[in-house]
Amino acid sequence: MKSYHLDHLQHLETEAIHILREVAGEFERPALLFSGGKDSICLLRLAEKAFRPSDLPTPLLNIDTGHHFPELNEFRDQRAQQLGAKLIIRTVEAAIAQGLAQPVPGEISRNRLQIPTLLAAIEEFRFDCCIGGARRDEEKVRAKERFFSFRDRFGQWDPKNQRPEIWNLYNGRLNPGENMRVFPLSNWTEMDVWEYIQREQLAVPSIYFSHQRACVRRSGQWLPVNQLTPPTAREEVGNLVVRVRTIGDIMSTGCVESTATTVADIITEIAAARITERGSRADDKTSEAAMEDRKKAGYF
Amino acid sequence: MFTPLMPSASSATVPIDILRFNTCGSVDDGKSTLIGRLLFDSKSIMEDQLAALERSADITGNGQINLANLTDGLRAEREQGITIDVAYRYFATPRRKFIIADTPGHIQYTRNMVTGASSANLSIVLIDARTGVIEQSRRHTALAGLLRIPHLVVAINKMDLVGWSEARFNEIRAEFEEFLPRLDIQDVKFIPLSALNGDNVVERSPHTPWYAGPPLLDHLESVHIASDWNLNGFRFPVQWVNRPHNPTNQTFHDFRGVSGQIAGGIVRTGQKLIALPAGVVTNVRQIWTYDGPVAEAFCPQSVTLVLDHDIDISRGSMLVGTDHLPGTSRNLQAEICWMHPVALRRGKKYLLKHTTQTVPVVVTEILHKLNIATLDPEPEPAELAMNDLGGIRLHAAQPLYFDGYTTNRLTGSFILIEPGTNATVAAGLLAPPSEVIKPEFGDYAI
Ligand SMILES: Nc1nc2c(ncn2[C@@H]2O[C@H](COP(=O)(O)OP(=O)(O)O)[C@@H](O)[C@H]2O)c(=O)[nH]1
């Protein structure tokens, strides 16, 4: 007997492709945010599925903090080239030099400064829509995000006044200067992402797999030893076998001890995990409302 | 009308499916606590989340972990102890994956409830056992019926505060059953529970020997998900014309396809299709996908169709099969949920988004408004205010090709958008068409 059944990944896939094509149909100048991280790798494959054999109708955009893992940027550039996609990189460094972003004295992290850099890129290219790989299961403020997330002229998100989202009818209408963030992976979990990477046999940056790394113990986590914030004499340093679960800046990305060398190993590891992936990101821990504040101000 | 999906017969492992459900109730009925409890007891809460909860428990002073804080993600929500916007949660058991839409019960509830419920397979209506059925319980249930959510769970919460009284449970149940027959809901289950203490959420409660049914999670894991997808009548709203400009691969030089998500039925290579609104007939030359061409595709797959003829077709067009034809008209009748602070009145103009097209419409008539207390329609109201459910007639600038919502959710639904502000002001469910399209060409040839 013929079966007309989609499994959970196929459901998530067709939902995301539908959203990507709605973006292509309704926006003049969309961009796809591509960092080289696991979520945006899935996003790119979904864009291929949505638009091939045509070229991707959107350029790829990455905001480079200058504190990225080198493995990540290498992967990002390589993948964009393979796909024949246009890759636009805007750096926090340049945004600071041009006076578009102002660091607070003593501020080492570039996390906050990504926001004005992104908003400036949006203005420069007059993007009316940015497609991102954020997922609702990452964090409880993200859990309230719509697929189509409206931003006002200042790039701000108003969580109390979001457009209702009903069936698969997305309202993408904008007035000049306004912007939409679109998140096709909203309903995906960390597990779904890895299962999809497995099914599609997608390449990922090497730092997702187990490797040896010098790490420093800070606020209950192992962070990569780096030159920006070198370990002090009193800090515990170790040479560990680790991998990263979610990639942020090199200063704030926690490493987890792991021997996972294949995607299948990672899936087994996540299935048994007792800590969320964001549990290894120091930037979210600052306060319960850390993510909300960044998002309201225009974060991805 | 709804064709259930065939279980996949060939594969050895049953594919994991997804149950989408939403929870609704009034403020303080215990929704957030219930979801926190479901996640907690099904071991879906991770250690760092628990640590954050413990930190905030210390800060708020009473030292008690507040499970509601797991879902209340916005600062204003934690401060005011209420849930402001729909929050989505994900968890899995070995039997199923779950997507929860937690829909708050305050002033914008219709808007949030419709957002959370429109794609749900199941709806949980929470009742505080002390207060029993209130207007909002009726409104939520009416909305679940209107949206045709196939399964309803009436969770009678805070049973610990009424001494686990079977009599009280039966009283509330009887009150519900009085108005249920007026709504179109196929399957209703009543469960007595205490979200706070976890009784009958994941584990069966020792306090309810009189209750023979399953705990909530058991029910969620085993309820049969009849398909929302209609496999009888091919519908393909065109999203995007796929025409490579300067393909590096020369075989795609003349490629011209139409991309979209199948909104109903099945399509096969070689099949005859009608392109609307042009009304011309063509054949499917190829069903193109990234993973290679396929012989057939079905709702809700996303595909690209290559057609035999180079016909006038673009975003907003719809391809349909030659049987189970859709209706067409510029005059539409619909049930709507009004979601805007400014009331709907006759004569007002809006933009209507239906499948992949957006057309101007004018409201020609307000037929009735649902009285939530009696669940009777009140004829000819002056307006529909925020959160009202009612029937209206619209006149559209162009004819729509559509089905009744009860036949096909995707081709039978629309939203209304206010021009200028671009606010989404209503969700609409189309009444069955009074006439179907009549292809004029005898022989189906161009
Ligand atoms: N005694 C008792 N209290 C409960 C129960 N469920 C929730 N509560 C309490 O009711 C209040 C409101 O719960 P909350 O989950 O925030 O409600 P929401 O507004 O529907 O999300 C909180 O103080 C909870 O601790 C229950 O089963 N029994």
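How far does a backbone N or O atom of B:Asp28 lie from an oxygen atom of the ligand? Good morning, everyone; the answer is 2.8 Å. As a polar contact I take a pair of N or O atoms within 3.5 Å; within protein, one must be able to donate a hydrogen and the other to accept it, and residues adjacent in sequence count only if both atoms are side-chain atoms.

Before going on, a word on the model: it is predicted, local features need pLDDT of at least 70, side-chain atom pairs count only at pLDDT 80 or more, and totals for chains, interfaces and linings use all residues. Residues are numbered from 1 along each chain as its sequence is written, chains are lettered from A and ligands numbered from 1 in the order in which they are written, and side-chain values use heavy atoms, with hydrogens and water left out.

Back to the ligand. The side chain of B:Asn157 has an N or O atom 3.0 Å from a ligand oxygen atom, and a polar side-chain atom of B:Asp160 sits 2.8 Å from a ligand nitrogen atom. The protein buries 81% of the 580 Å² that the ligand exposes when taken alone; these accessible areas come from the Shrake-Rupley method with a 1.4 Å probe, and for residues only the protein chains shown count as cover.

Who else is there? The ligand is surrounded by 16 residues, and B:Lys31, B:Ser32 and B:Thr33 are among the closest; a residue is near when one of its heavy atoms lies within 4 Å. By class, the shell holds five nonpolar, six polar and five charged residues. Here Ala, Val, Leu, Ile, Met, Phe, Trp, Tyr, Cys and Pro count as nonpolar, Asp, Glu, Lys and Arg as charged, and the others, Gly among them, as polar. Helix 1 (residues 31-41) of chain B gives the most to this shell, with three residues. Helices (H or I, at least four residues) and strands (E, at least two) are DSSP runs, numbered from the N terminus.

Now over to chain A. Helix 2 of chain A and helix 3 (residues 70-83) of chain A pack at about 5°, with axes 12 Å apart. That makes the two helices roughly parallel, a label for angles under 35 degrees, with over 145 roughly antiparallel, 65 to 115 roughly perpendicular and the rest oblique. The axes are lines fitted to C-alpha atoms, for helices over the stretch in contact, and angles run from 0 to 180 degrees between N-to-C directions.

Helix 2 of chain A brings A:Ile41, A:Leu44, A:Arg45 and A:Glu48 to the contact, while helix 3 of chain A brings A:Phe75, A:Arg79 and A:Leu83; contact means heavy atoms within 4.5 Å. That contact has four nonpolar, no polar and three charged residues.

Last, the backbone. A cis peptide bond, omega about 5°, joins A:Arg52 and A:Pro53, and A:Pro53 is in the loop between helix 2 (38-51) and strand 2 (60-64) of chain A. B:Asn200, not a glycine, has a positive phi of about 60°.
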